[in-house]
Amino acid sequence: MNRPNDSPKDREQQYDEFVVLLAKHDLPLRRYVRALMPSPDGVDDVLQETALECWKKYSDFQPIDSQEPSEDFLRWACVIARFKALSWQRDRSRDRLVFRESVIELLSSDALRTVLGHEEERRAVSACLQELSVEQRRLVLSVHSPGESVARIARETGQQTRRLYHRVNALRDRLLKCVEQRLAGEAADG
Amino acid sequence: MDSNVRELIFRAVDQTISPEDFERLQTEIERSPDVRAEYLRAINLCQSLGEIASEPTRESFVDTVAPRPHKERWYSKSGWLLATAAMLFVVSSVAFWLGLQKGIESPQERVAERVADDVIEARLAGHATLRRVVDVKWSEGAVRRLEGDVLPKGAIAFDEGVAEIDLFCGATLIFEGPAELEIESDWSVRVTRGRMRATVPPAARGFVVKASESEIVDLGTEFALEVGTQGARVEVIDGEVKLRGGTHDGKHLRTGETQSLGGGVNRDRVSSGLSTSSEIGQRQQLAETQRFDQWKVTSNKLRSDPRMIAYFPIAESQEGRVVRNASRRGKSLDGLLVGPVERTSGRFGPQSAGLEFDRPGARVRTRLDGTFDAFTFTCWVRIDSLEHRYNALFMSDGYETGEPHWQIRDDGRLMFSVMVDDTQDVRFYNRRDQRVVKDAGKHRVYYTDPFWDISKSGQWFHLAAVYSPAERSVNQYINGDLVASDEITDEFLVSPLRIGAAEIGNWGQPFRSTQWFAVRNLNGTIDELAFFGTPLTANEINSLYQQGKPLGY
């Protein structure tokens with residue numbers, strides 16, 4: 001996997017580059033994998049396998065566009081991640097909900113496009129959150145906090161799960177519309 | 001978009017979808033590019049919300065002194081260590097990846113600590129506030145008070161001047177010196193000497209003034225009182241009072257009526273010559289104008305000081321989105337008001353200006369280029385509260401090598417620091433906090449003892465920091481007094497010094513890679529700031545304080 005003339009020094013330097021690139025793209029890569037997996041459960045596993053595979057193959061990685069080597073890295077890592085996601089789901093297709101391969105293929109090409117715009121999307125979400133009331137914001141964020149879920153929050157606050165669902169989904173709808181508008185606006189403004 | 005499909009999408013995201021519906025959703029995704037796009041939008045939204053919800057720089061967390069998210073990220077630190085391990089076993093990349101994941105949850109192994117849920121509510125002792133004082137000379141041995149102070153239970157005494165006190169119950173008392181009184185509660189004051197006018201609105205009906213042998217219970221509006229060595233005399237200016245205790249127990253007095261309490265005061269009309277609130281206002285304004293004018297003279301002299309890097313006499317600036325740099329270095333150093341900075345009263349009253357930085361986006365941006373041998377920073381500030389862990393006075397943007405940060409910690413300590421080497425990290429045992437602290441960039445923060453707590457809210461302070469590499473010293477002053485003096489050790493010696501792009505009242509972090517910024521705006525007002533490129537002496541700092549202090553200080 002190493003080039004024959006790779007000295008330890010080169011390899012060390014490569015590793016350093018690799019760490020920087022991988023860290024930089026951690027969040028978009030995670031999004032990409034999440035888009036291909038119906039459940040968040042396997043996302044960490046797939047990411048781990050992807051990171052390992054990327055490092056094994058890193059010597060072969062050639063940025064196509066030397067202007068944007070970092071974005072090329074993300075594209076390249078996404079290709080590897082797609083294979084890992086496919087094989088992970090193939091192995092588990094019997095015991096849980098997994099996407100059909102045809103669905104994963106369709107989603108993966110669209111997903112790559114959206115993760116490249118991940119920073120803008122997240123900025124838009126933040127801005128849209130500001131348009132909600134404090135209480136609404138708290139609700140919609142608490143549902144998405146690590147380890148939280150609508151069901152759990154409903155249980156703790158003694159609200160009906162279905163009612164809470166309605167509220168959360170209405171807020172998500174609102175946010176989706178707002179984000180879409182903002183992103184459209186940004187594109188129009190150049 | 002069909003709302004049923006959207007619901008399916010959310011149910012899939014939330015993992016509450018049935019196998020049958022999941023099949024339906026997959027078919028829709030295959031069939032329709034719109035559904036596909038919508039599914040991805042929903043996933044992205046939920047991921048963003050998850051990221052935002054777990055964002056470590058949210059307000060409930062406390063930052064390190066310098067999180068520096070723009071330059072330094074956790075991976076640059078952990079990279080080499082991990083690299084060594086991975087050189088040995090490629091397999092350990094898995095562990096490394098786990099390491100990264102962990103790193104994301106706690107960037108920079110931040111020394112953040114959750115603000116405890118059981119934060120103790122701040123409490124202050126007090127029954128009244130000192131609303132205004134004009135020409136007051138405090139009696140020997142008495143506590144010196146400043147306008148705006150919260151007055152606790154206890155004695156107040158002054159020999160000359162006029163003081164206006166607002167009791168929490170709503171009653172306003174105007175005392176003419178010499179006066180001695182004791183605040184007993186929100187509803188009760190004992191007067192042992194002096195002349196007083198009490199104005200009691202309906203909300204404060206029942207307010208009691210004790211004098212001589214009697215208690216005067218106000219039943220509405222206004223009365224005057226004079227207390228001498230022998231006895232006292234009360235006059236109802238408007239409304240009605242009831243006397244309680246003593247020889248006149250139970251007697252009611254109405255508008256225009258007077259009553260001696262124990263004799264000794266012979267003045268017929270107690271109220272004659274007593275100041276009203278609006279007269280105090282006029283006298284105060286006059287005195288403030290004089291003080292303001294005196295300050296202008298000294299401030300004008302200061303402007304030609306060649307040692308000055310920049311000078312912002314904000315007090316005299318009345319409008320516009322710019323604060324003028326009045327030093328000889330000129331207009332290019334003007335500061336720009338950004339965001340919700342409010343112009344408010346400065347330390348010479350409403351005729352002078354101050355800039356208030358109450359809201360997180362409020363800031364004044366400046367750019368002070370050049371290299372300097374030393375720093376002397378001085379400012380006049382009124383702190384309303386120390387809301388954040390760190391509250392900015394003057395902060396260089398990047399906090400790069402040689403650049404200063406001047407701020408106040410939430411426990412009331414003044415902090416001055418200069419970045420020594422922005423490529424290194426420091427780890428040190430902080431004796432004050434009894435723990436090992438890790439900071440991005442090698443620097444040392446020089447602290448004072450706490451000088452501020454909530455009881456000082458609204459008071460003006462003159463703060464100064466003198467950083468002199470040549471003398472190896474960092475001296476910090478409050479109201480002209482040296483309060484902290486530290487040595488700059490070899491390890492933390494840095495020269496030359498720079499400022500560059502910097503902010504007053506906030507911290508700009510324009511190079512950060514995320515939208516998150518540390519909230520450090522000052523909840524207070526600044527009305528004068530001066531920067532020198534040389535160390536000023538203790539005498540010079542003291543005279544800046546003396547010449548600039550507001551009325552009553």
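Which helix and strands of chain B do the buried residues of H7(B) pack against? The legends below, which describe a predicted model, begin with that view.

**View 1. The buried side of helix H7 (residues 538-548) of chain B, with the elements that pack against its buried residues.** Ile541(B), Leu544(B), Tyr545(B) and Gly548(B) are the buried residues shown in H7(B). They lie on the same side of H7(B), because the arc that they cover around the axis is only 95 degrees. The partners of these buried residues are helix H6 (277-302) together with strand S17 (375-385), strand S22 (460-468), strand S23 (473-478) and strand S26 (523-532), which belong to chain B. As context for this view, chain B contains 7 helices and 26 strands, and buried residues account for 41% of its 553 residues. Of the contacts in chain B between residues at least 6 apart in sequence, 61% join residues at least 24 apart.

**View 2. Buried and exposed residues of H1(B).** Leu8(B), Ile9(B), Ala12(B) and Val13(B) are buried in H1(B), and they fall on the same side of the helix because they cover an arc of only 135 degrees around the axis. The elements that cover these buried residues include H2 and H3 of chain B. On the face turned away from the buried side of H1(B), the exposed residues Ser3(B) and Asn4(B) are found. Just after H1(B), Gln15(B) adopts a positive phi of about 65 degrees.

**View 3. The crossing of H1(B) and H2(B).** Two packed helices are described by the angle between their axes and the distance between the axes. The axes of H1(B) and H2(B) cross at roughly 115 degrees and come within 10 Å, and the crossing in which H1(B) passes H2(B) is left-handed. From H1(B), the residues Val5(B), Leu8(B), Ile9(B), Arg11(B) and Ala12(B) meet Asp21(B), Phe22(B), Arg24(B), Leu25(B) and Glu28(B) of H2(B). By class, the residues of this contact of H1(B) with H2(B) comprise 6 nonpolar and 4 charged, with no polar residue.

**View 4. The contact between chain B and chain A.** Chain B contributes 41 residues to the contact and chain A contributes 48 residues. At least two residues of the side of chain B that touches chain A come from each of helix H1 (3-13), helix H2 (19-31), helix H3 (33-53), helix H4 (74-88) and helix H5 (93-105) of chain B. H3(B) supplies the largest share of that side, with 16 residues. Divided by class, the side of chain B that touches chain A has 24 nonpolar, 10 polar and 7 charged residues.

View 5. Gly117(A) counts as partly exposed because it has 15 C-beta neighbours inside 10 Å. Pro28(A) is 89 residues from Gly117(A) in sequence, while their C-alpha atoms are 8.8 Å apart in space. Where pLDDT is low, the predicted coordinates should not be read in detail.

Key: Residues numbered from 1 in each chain as written. Chains lettered and ligands numbered in written order. Predicted model: local features only at pLDDT ≥ 70, side-chain atom pairs only at ≥ 80, totals over all residues. Helix = DSSP H or I, 4+ residues; strand = E, 2+ residues; numbered from the N terminus. Buried ≥ 20, exposed ≤ 12 C-beta atoms within 10 Å, placed from the backbone. Contact = placed C-beta atoms within 7 Å. Nonpolar A, V, L, I, M, F, W, Y, C, P; charged D, E, K, R; others polar. Arc of directions from axis to C-beta. Axes fitted to C-alpha atoms, helices over the stretch in contact; angles between N-to-C directions. Left-handed = near helix turned anticlockwise from the far one by under 90°.
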